[in-house]
Each structure stands twice: as structure tokens, then as C-alpha cells.
Amino acid sequence: QVQLVESGGDLVQPGGSLRLSCAASGLAFSREAMRWYRQAPGKEREFVATITSTGSTNYADSVKGRFTISRDNAKNTVYLQMNSLKPEDTAVYYCYRPIYSYWGQGTQVTVSS
């Protein structure tokens, strides 16, 4: 059974940093691409970042240069390092496995003074 468990969400001031984690189980993690999405209140869920099995990355324009996606295959975990956070980054952040379309439960990130 596939499980994706996110953690690391918190309340942070503008300009601050957070690192989100997504622990995966029940899949061949090292051989799969993984993604992060987010959904702000009243808005559609949107793509944030992706990382392939070989470590290639891609980002939404809105987070490019501020967020970094990475993975640790030994820990079956994908990370999202978020720097220079802005109030518009406030959202529930979801880990996503493209194969068979699995979603995690989400973790809340709130950027506010």
C-alpha cells in the first residue's frame, strides 16, 4: 500500500524559511519522479516542483530561485526547501506520486507577520 506522509508545515514570518518532508512507502521510490503541489484557500491546486528519478528538477515560475526540491533515496523521502517565503506562499502543500496518481494528506504552510 502506497503512503505519502508530509511534515514540516508551520507558521513563519515573511522572508523566513521552512523545509517540508514527504516520507514515501510502498513504492519503488528511487525509480520514480515525485512532485510537490500546493492549494491556497479558494484557489485551484497548483504545481510547485518536480524531481525525476535521476535528480533533474523543474519549478513553477512563482517559486523559482526560492524553493529547492531534493530527494534522499536511502530514506525514501523527498524534500522541499522553501526560502524567502511570501504571504502568497500560504497554502496546503501536497506530495504527489505521478504513477497511479497518489497524493499525501498535505501540510499547512502559513506565511504571516
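The model is predicted, so local features need pLDDT of at least 70 and side-chain atom pairs count only at pLDDT 80 or more, while totals for chains, interfaces and linings use all residues. Residues are numbered from 1 along each chain as its sequence is written, and side-chain values use heavy atoms, with hydrogens and water left out. The chain has 11 strands and zero helices.

**Overall fold**

- Read along the sequence, the pattern is β-β-β-β-β-β-β-β-β-β-β. Here, helices (H or I, at least four residues) and strands (E, at least two) are DSSP runs, numbered from the N terminus.
- The C-alpha trace spans about 40 × 25 × 20 Å along its principal axes.
- A compact globule with 113 residues would have a radius of gyration near 13 Å, and the chain agrees, with 13 Å. That radius is taken over C-alpha atoms, and the globule rule is 2.2 Å times the number of residues to the power 0.38.
- Of the contacts in the chain with a separation of 6 or more, 53% are accounted for by residues 24 or more positions apart. Contact means heavy atoms within 4.5 Å.
- Buried residues make up 42% of the 113 residues. Buried means under 20% relative accessible area, exposed means over 50%, and partly exposed is in between (1.4 Å probe, protein chains only).
- The chain exposes about 6000 Å², and carbon and sulfur atoms supply 45% of it. Accessible areas come from the Shrake-Rupley method with a 1.4 Å probe; for residues, only the protein chains shown count as cover.

**The nonpolar core**

- The largest nonpolar core has 29 residues, and Trp36, Val78, Leu80, Met82 and Tyr93 touch the most other members. Such a core is a set of buried Ala, Val, Leu, Ile, Met, Phe, Trp, Tyr and Cys residues joined through side-chain atoms within 4.5 Å.
- At least two residues of this core come from each of β3, β4, β5 (46-51), β7, β8, β9 and β11 (107-111). Strand β3 gives the largest share, four residues.
- Beyond its neighbours within four places in sequence, Val78 is in contact with several residues, including Leu20, Cys22, Phe29, Met34, Trp36, Ile51, Ile69 and Cys95.

**Salt bridges**

- A search of the whole structure finds five salt bridges. A salt bridge is a side-chain nitrogen of Lys or Arg within 4 Å of a carboxyl oxygen of Asp or Glu.
- One of them joins the side chains of Glu46 and Arg38 (2.6 Å, N to O). Glu46 counts as partly exposed because its relative accessibility is 36%, whereas Arg38, at 6%, counts as buried.
- Arg38 also meets Asp89 in a salt bridge (2.9 Å, N to O). Asp89 lies in the loop between β8 (77-82) and β9 and Arg38 in strand β4 (residues 34-39), so the pair ties together parts that are 51 residues apart in sequence.
- Asp89 has a relative accessible area of 0%, so this residue is buried.
- Asp89 forms a salt bridge with Arg66 as well (2.7 Å, N to O). This pair links distant parts of the chain, 23 residues apart, with Arg66 in the loop between β6 (57-59) and β7 (67-72). Arg66 is buried, and so is Asp89.
- Through shared partners, salt bridges join Arg38, Glu46, Arg66 and Asp89 into one network.

**A nonpolar patch on the surface**

- Ile99, Tyr100 and Tyr102 form a nonpolar patch on the surface, with about 350 Å² of accessible area together. Patches are made of residues with over 30% relative accessible area and no salt bridge: like charges are joined within 9 Å, nonpolar side chains (Val, Leu, Ile, Met, Phe, Trp, Tyr) within 5 Å.
- Ile99 sits in the loop between β9 (91-97) and β10 (102-103), and its relative accessibility of 41% makes it partly exposed.

**Two residues to look up**

- Asp10 lies in the loop between β1 (3-7) and β2 (11-12) and counts as partly exposed, at 46% relative accessibility. Setting aside neighbours within four places in sequence, Asp10 is in contact with Leu18, Gln108, Val109 and Thr110.
- Ser21 is found in strand β3 (residues 18-25) and counts as buried, at 16% relative accessibility. Not counting residues up to four places away in sequence, Ser21 touches Val5, Glu6, Ser7, Trp36, Thr77, Val78 and Tyr79.
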